[in-house]
Amino acid sequence: AMGLSYKKTEANFIFIETPILSDEVFLKMMSFGVIIRPLSSFGIPSAVRVSFGTKDQTKIFFDAFKKAVD
């Protein structure tokens, strides 16, 4: 719905490409109390790794993520 690219996975996390640098997204998400992993240390400066959680946790993530990438 947000128009973001992601990679399909068989694991408990998802790789999402971000419209801004992942380190910036990480810091903004932390300010909302949500922890994600920026992938800049893996040489992918515009992607994050997000672990799956409960339905409520997923809603919290997307609410924060929308604000972080605006």
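Q: What is the mean pLDDT of the chain, and which elements have the lowest and highest values?
A: This is a predicted model, so start with confidence. Among the elements, strand 1 (residues 6-7) has the lowest mean, 76, while helix 1 (residues 22-31) has the highest, 97.

Q: Which strands pair with strand 4, and in what sense?
A: Strand 2 (residues 13-17) pairs antiparallel with strand 4 (residues 47-51) over five bridges. Strand 3 (residues 37-38) also runs antiparallel to strand 4, joined by two bridges. Look at R49 in strand 4: F15 has R49 as its bridge partner, and R37 stands opposite R49 too.

Q: Is S22 buried or exposed?
A: Buried means under 20% relative accessible area. S22, found in helix 1, has 0%, so S22 counts as buried. Setting aside residues up to four places away in sequence, S22 touches P38, L39, S40, I44, P45, S46, A47 and V48.

Q: How does the radius of gyration fit with a compact globule?
A: For 70 residues, a compact globule would come out near 11 Å; the chain has 11 Å, so the two agree. Buried residues make up 27% of the chain. Of contacts with a separation of 6 or more, 60% link residues 24 or more positions apart.

Definitions and conventions: Residues are numbered from 1 along each chain as its sequence is written. This is a predicted model: local features need pLDDT of at least 70, side-chain atom pairs count only at pLDDT 80 or more; totals for chains, interfaces and linings use all residues. Side-chain values use heavy atoms; hydrogens and water are left out. pLDDT is the predictor's confidence in each residue, from 0 to 100. Helices (H or I, at least four residues) and strands (E, at least two) are DSSP runs, numbered from the N terminus. Two strands pair if DSSP finds at least two bridges between them. Buried means under 20% relative accessible area, exposed over 50%, partly exposed in between (1.4 Å probe, protein chains only). Contact means heavy atoms within 4.5 Å. The radius of gyration is taken over C-alpha atoms; the globule rule is 2.2 Å times the number of residues to the power 0.38.
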